[in-house]
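Here is a short report for a first look at this structure. Please read it with the model open beside you.

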Amino acid sequence: MTAIPIVTAVDLRRRFGEGEAAVDALDGVSLELPAGAFTAIMGPSGSGKSTLMHVLAGLDKPTGGTATIDGIDLSTLDDKKLTELRRDKVGFIFQSFNLLPVLTAQENIELPLKIAGRDVDEAWRDQIVQTVHIGDRLTHHPSELSGGQQQRVAVARALISKPAVVFADEPTGNLDSSSSAEVLQLLRQSVDELGQTVVMVTHDANAAATADRIVVLDDGKIVHDGSAGTADEVHDLMRTVG
Amino acid sequence: MLALSLRGIATRKLRTALTVFAVVLGVALVSGTYMLTDTINSSFDEVFQTANQNVDVAITPTRVFGSDTEGNAVTPNPLPASLLERVRRVPGVALAAGSVFEMGQIYDKDDDPLITTGAPMFISDTSPRRFDPFVYVEGHPPVGPREVALDKFSADKAGYEIGDTVRLSGEGPQEAFRLVGIAKFGEADSLGGAAVAIVAPPVAQRLLDLHDEFTTIQVAAEPGTQPTELAAAIRAVVPARVATVRTGEQQAASDSQDIKDNLSFLRTFLFVFAGIALFVGAFLIANTFSITVAQRVREFALLRMIGANRRQVLRAVVGEALLIGLLGAVIGFLAGFVIAPGLKALFKLFGADFPASGIVLLPRTVIVSLLLGTVITLVSALSPALRATRVPPMAALQEAATLPRGRAARWRTPLAAAVAVLGIVILCLGLFGSASGGDAAALVGIGAAVVFIGVGLLASHIVQPLSLAVGKPLEWLRGVSGRLARENASRNPRRTASTSAALMIGVALVAFMTIFAAGLKASIADAVDLGLKGQLLAQTTNFSPTPAAARGVLASVEGVETVSGIRFTKAIVAGEGRPNVTGVDPRTIGDVFNVDWVDGSAATLRALGPGEVLLSKRWSEDHDRGVGDTLRVTTPTNTRLTAKVTGVYDDDANLLGALTFPNAVLATAFNVRGDAFLMAATAPGLDVETVKERADRVVSAAFPSVEVLTKDEFVERQEGQVNQLLALIYVLLALALLIALFGIVNTLFLTIHERTRELGMLRAIGTSRRQVKRMVRYEAVITAMIGAVLGVVLGAIFAVLVTIPLKSEGFKISIPVGQLVLLLVVAAIFGVIAAIWPARRAAKLDVLNALAYE
């Protein structure tokens, strides 16, 4: 595993509100995520884990510190450049799938490329489609797919543009346990077989156990950063830091 | 529940504002029309009260025709001096005076007609002081043979001052007079916008070619004699066939009523457009309420869950509609104060200036405006409100609750088709049925409205293919934005259908008018081509008849061989209605005009004498009269004459009316002494343009209001008039289009609101703001184009249907493809404009908020 950092954070701060009512969602977070790593960000509600992901993905602006993706300092980018960065370098997987109901599975998968006006690398698409096991559902609309199938389409959509990093926000939050396992397996596979860098925010210990590394946040600070173990070990970890 | 309605309105300000707007324009047009026409009417009431203020009894020529003249000349004979003498001898008469008040021409300093906006110009004579409605503010009444006075309005308009030379013409060439007086009419500067030149009585007689004749005899009663008694006494000595005797008050009321009858057309005309605006508005209101009810399913379910019954849910929605309707009605009513002067300015722009100063507000205007706005909103919102009551309480627990399909949903399509067919049937009943005039027009209008409703309901079925057809090119051109726009447009076909249906109505009417006008213009050009043998025409620039003496002047021009005048009037044929009558000059008409003969020949026309009449093929067939029959005809002067039919013509050009008499008969028996226009043939071998220019110079010198035109120029003038009317109608239809535009804006806002999360995802995965804007814009364009395509098709169908009965009158249908394509382009631009604001809002969505949005 190479150690080139794809995502870095240096003393990231994000404060919401002003004065007395101000809340520090991120209170000096520094982090380096190397290429090809599968990182889980955990923490209790309000710990700042979602904010960290939003800031790292360029969806939210930090009030202090810097974040980079693939060596690019996000604070130097305007809205337009940030959009392009998200388009070209970032893949997203959401808790609620967020597929476009008007498009078929295949069209949803290819959407990021279409938005970018790029041609579809058909071999790559076929490989992804095969990996996520939805080859027989490509012409279906999201309303005709199960939750697990929809999320698998969303994973394929996140991978299609060969992003530098995929951010997954509670990807299993709306799924039953067997669908969850499938999706996590997919993420694992994308890291192992495709060399994809994945950052996953979750509060599910089973999900986190799939990752290589677990970063635990509390009160906007990193309270644990280490390799992941089994689900039980993660449970124990959460109990101690929580 | 009222509190809930109020809260709903308060929290959805933008949507409320856009919905309110749908009611406002229509109501504003209604209230503005009432205000304008009431103001005009009251202005004329004042004019006629002033004119008759010291008159106890007024005597006027008895009229055979009312206001149903269809633009024909139907002036009764003036009153002879002998009648005045007879009136003077009636006991109780203190003073009786004859006066003249006839149309004439007054010219400005450039020798152009002083008024060009359609208001009439009159030549009048001085009245005895007692009857004189004019109050001289400068100078004195005219006395000498070369003296004239003008009303203050006209003098100010043309910049005339005392001592200036003012030119006038009646039936003869123009003459110069010295301005010696400027007068107000009672308190007013003018007589309801008309211009009046006052000259001494003998001068008026000469200018108007009268021979000791009057248009009115005014009588003052001796002290102690009641006007009604005096009127009765005079009636006893005046033949009712010749003259009508009224008290001054009655005369003022009668004159006012005539004007009001003429203006009622204006009111009807404007109400048609108000009706269209309200109709389009109703579509929009129904659509907006449908969407909002669908979006608030969970809210209604929650209400039901916590114990609200169906009636209460209904009341919440209906309450909101009531408040929106009332708000729209109040704003619309108030907007009438702006619309009324706006309409007046609009008509002035298009050549019709109405007298209307200030605004007359009748209680009826307030009541009708408020009721109309409120009721229309309520009715439009009723169906969505009923749907809201069917939301089951369980829906509150479901993630994506949708409205349950009603029991009637299954019947929706056949029902809509039935409505459309019913509309066509009503329309055809109006066109081909036995109803005539206003009733037929009303049937056609109702039929069209019903067709619109039917097609609007059916349109959801064609949204898919149409948005495919419209959206595909966008997709090829613009990739994913076009693709998503297309999908979004056909996502909820019913919603897109009713949004575009609102536009469809406006576009259909514009397309209909465009096609109809194109046909009319083609028919005019055709008729002139077919009918006119002569190369030149002469007519006045302001629709007044050509002065009688103009014919001789034109004939005297070198290179002009034959001149023939044509006149139009009406007659009553015992038991056979009131046909249009044409007067021709039998000796010359054949040289300048082509006639086909069913029975007879050119010789028949040439030999047409007094006591003889020619019939049109149509009238002869409809009334089963032919050569050899005798017609008993009553003329506008109440003259009875019998005429033998000597020929039947088939006039493709549709210039000749049902009955054709010699001009000499029109002059003596119909009191039509001026030609509507003159047709002239130039000598062979001469350049028409050269002769025309010479003729125009010569004729204009004597009669500045007359112009000589070539055939092509004549057609252009006629087309110009059609275009002008068309432009006016376009402006009024633009209101309906504007409402439809706001409808698209409203729907876009509502759908963007619905798709917040999708937009957030799109932005998160790298869609630029520009792409989001583009997506919204294309969706608007597709929606607009669906409406426009449907509209153009419907408009074309209406135009074809409506012109079928006109075929026999020589109407040629002509489809102006270029203009219709332009209409589609304009509709697309409408879509782009409608999308500006919603697109900006969609692009501005904060990604994080949008994703978190529940």
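## Chain A

Of the 242 residues of chain A, 49% are buried (20 or more other C-beta atoms, placed from the backbone, within 10 Å of a residue's own). This is a predicted model: local features need pLDDT of at least 70, side-chain atom pairs count only at pLDDT 80 or more, and totals for chains, interfaces and linings use all residues. Residues are numbered from 1 along each chain as its sequence is written, while chains are lettered from A and ligands numbered from 1 in the order in which they are written.

## Where the chains meet

Chain B places 18 residues in contact with 21 residues of chain A (C-beta atoms, placed from the backbone, within 7 Å). On the chain B side, α14 (480–489), α23 (756–764) and α26 (847–852) each supply at least two residues.

## Two helices of chain B

Helix α7 (residues 248–295) of chain B meets helix α22 (residues 711–754) of chain B. Their axes, lines fitted to C-alpha atoms over the stretch in contact, come within 8 Å and cross at roughly 5°, on a scale from 0 to 180 degrees between N-to-C directions. α7(B) and α22(B) are therefore roughly parallel (an angle under 35 degrees). Contact residues include F273(B) and L284(B) of α7(B), and L732(B) and I739(B) of α22(B).

How values were computed
Helix = DSSP H or I, 4+ residues; strand = E, 2+ residues; numbered from the N terminus. Parallel < 35°, antiparallel > 145°, perpendicular 65-115°, else oblique. Contact = placed C-beta atoms within 7 Å. Buried ≥ 20, exposed ≤ 12 C-beta atoms within 10 Å, placed from the backbone.
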